[in-house]
Structures are given as structure tokens and as C-alpha cells.
Amino acid sequence: MSSIPIKQIDAFTRKPFAGNPAGVVTNADHLSSTDMQRIASEMAVSETAFVLKPTSESCDLRLRWFTPTREVDLCGHATIAAFHALAEEGLFGLTVDEPQSFNVETRSGVLAVDVEWKDLQPYIKMGLPIPKFFPFPDDYSLLCAAIGVAEVELSKKVKPQITQDGYCFIPLASYESLKTIEPNLMLMRKINERHAITGFAVVTTDTGEYDIDWHMRFFAPSLGVQEDPVTGSANGPMAVFLWHNNLVDRNKKFFSFKGYQGYLMNRPGYVTVNMAVKDNEVTMLQIAGQAVTVLEGSIRTHLNIAEKL
């Protein structure tokens, strides 16, 4: 296969040129890992998703995600984009106004994805692994230097923490601080080398809006992503971060949050995050959103002899 159909889809938005763009290849079974990496590099968006047949009979399909520089274990927005593309093409039995559920094979395990419909457009819900949080294992001054804030700008309620998957959550006291941070990407890479931290989620609950629970910015230079517009895999864990640090009503059993990201990059997007709790433990974590296709075409991975000449 030398010419592969591909789409670019903006996720966590219904408006073109907003949200987070992702590449999507809906039939990648004949592509090698090298091909996928080359395509993701050429697309030059934060992630490109590739849909394949599953290797497990218990799964409906398989997803792989690549940044411009490497394969990653999990990507929220590219999954929303991938299922938007599958629904758009009517693949895997997806039909307008007919809800459907999938078991998706990934490097992060089997993830549940539900496709519902709003105004005849697919609305995708994606289950996420429930993260664990640990204290940031170094001096806060190093972290502050990496994101370009003074320590006094950190939240007084909760300290920076990391997940087992390598995300560092850095809560700031104000939205003004979030807007004015000046990240040092080289220092972020050094922190990644020292502590295997691949992503930096800088966040504040100082939103000034009743229907938005937090604003976020996300940086992952070690993954080839300087700043990500809207990050599903970070907005989802943010709900657990609030629970873990007693910043929500502990008597509730179900939560629905809304995270806002991308405004400062002129690519605003919203991530709905659903979380269920039972016996004082988080038992379900889910992100949800819609998407819009902005580009359709084909991409070549090999040249024939005549083209080489």
C-alpha cells in the first residue's frame, strides 16, 4: 500500500480550527510501525491515531497512537477523532442515532468507548485507566523554573503531584498565572530524564465561570509536543486529582466536570470528565466530547520506480 486515506480531525470541539487536531487512518492493518511513525511525523500534529484489527477476540478493534517522534501508550483526543472518523464512514456498524459500545485494544489495556449521538453527530465517551498520584519527587523550585512561575504562584491548597504514567500536575492559584507562564522546554526535558516525567499539566480551578471546573495547559517536549491544545489524557486524571486531594464533595458518588483548554493557543476546546466513586475509591473515569473533520485526503508512504526517477 503506497497511498493511504487519512483525515485530520479537530477533537473536543464542533468548530473547525478549534480543539485539538489529530490525524486518523481508519485502515492501518498493512502499515508497519515505521510507516505509522513516518505518517505521524509528516502530519505534524500532536498525535495521529491508527485503527487496526484487534489481536484479542474480546476486542472490537485496536488503536495505536503516535506523536511526531514516538508511539505513546494513551491519547484521548486522537481516540475521540478516530471514532468520529469511523462513525462518519459508517464503519464497524456505526449508524446515525444508534448508540454502540466498543472494547478497544491499546498499549494501556482494553478501554471502553461508547458512541452516542447529539444532533445527528457522534458523541464519544472514552474510558480511562484510573491514575494514582504521588508527591513530586524533587525541589519545587526546579519545577517552577521549568514552567516559568514563582513558587508563590503555586496553589496553597494542594502541591504538585505525579502519576505512575509520568504526568506531573502543577496546580496554580490563579488563572492570571496560568496565562503568563513561560515554560522552559529544555528544563522540562531534563526533569523527564531525571524522573521519567513525560507531560506537565499546569492547571487552575480559578476559572471565574460556574460551568467550567478548571483551565489547563499541557506541555510534553520529550514526546515531541511543545504545547498541546486540548489533552484528554490529562483532563481525565484531573478529576481524580481533585478527589485524591479532598477538593470535591466526598459524599457524592458521581461527578461530571468540564475542563477548558487551548484558549491561549486560539484552539479552545472542552473536555467533559465523568467519574464514579464507590466505597471511597474511584471506580470509573471517562472523558467525552465531539469532533469535526477539517481535512480529507491520502498520504504516500512509498514511491514507485518511475517516481524515484
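Predicted model: local features only at pLDDT ≥ 70, side-chain atom pairs only at ≥ 80, totals over all residues.
A cavity here is a set of points, on a 1 Å grid over the protein atoms alone, where a 1.4 Å probe fits but cannot get out. Grid points are joined across faces, edges and corners, and a volume is the space filled by probe spheres set on the points. Local features need pLDDT of at least 70 and side-chain atom pairs count only at pLDDT 80 or more, while totals for chains, interfaces and linings use all residues. Residues are numbered from 1 along each chain as its sequence is written, and side-chain values use heavy atoms, with hydrogens and water left out.

The largest cavity holds about 80 Å³ of space. Its lining (residues with an atom within 4 Å of a point) is made up of Y175, L178, H215, M216, R217, E227, Y260, Q261, G262, Y263, L264 and M265. At least two lining residues come from each of α4 (175–180), β13 (214–220) and β15 (254–261), with β13 giving the largest share, three residues. Helices (H or I, at least four residues) and strands (E, at least two) are DSSP runs, numbered from the N terminus. Sorted by class, this lining has seven nonpolar, three polar and two charged residues; Ala, Val, Leu, Ile, Met, Phe, Trp, Tyr, Cys and Pro count as nonpolar, Asp, Glu, Lys and Arg as charged, and the others, Gly among them, as polar.

Then there is the largest pocket, with about 450 Å³ of space. A pocket is an open set of points with protein on both sides within 12 Å along at least five of seven lines. Of the 25 residues lining the largest pocket, D73, L74, D165, Y167 and S233 lie nearest its centre. Strand β13 turns up again, since α2 (76–89), β13, β14 (225–228) and α6 (232–244) each supply at least two lining residues. The pocket lining splits into 12 nonpolar, seven polar and six charged residues.

As for aromatics, the structure holds 13 pairs, counted for rings of Phe, Tyr and Trp (its six-membered ring) with centres within 6.5 Å. W243 and F255 make an edge-to-face pair (planes over 60 degrees apart), at 6.1 Å centre to centre and 65° between the planes. This pair links distant parts of the chain, with W243 in helix α6 and F255 in strand β15, 12 residues apart.

Note on methods:
Phe/Tyr/Trp six-rings, centres within 6.5 Å; stacked < 30°, edge-to-face > 60°.
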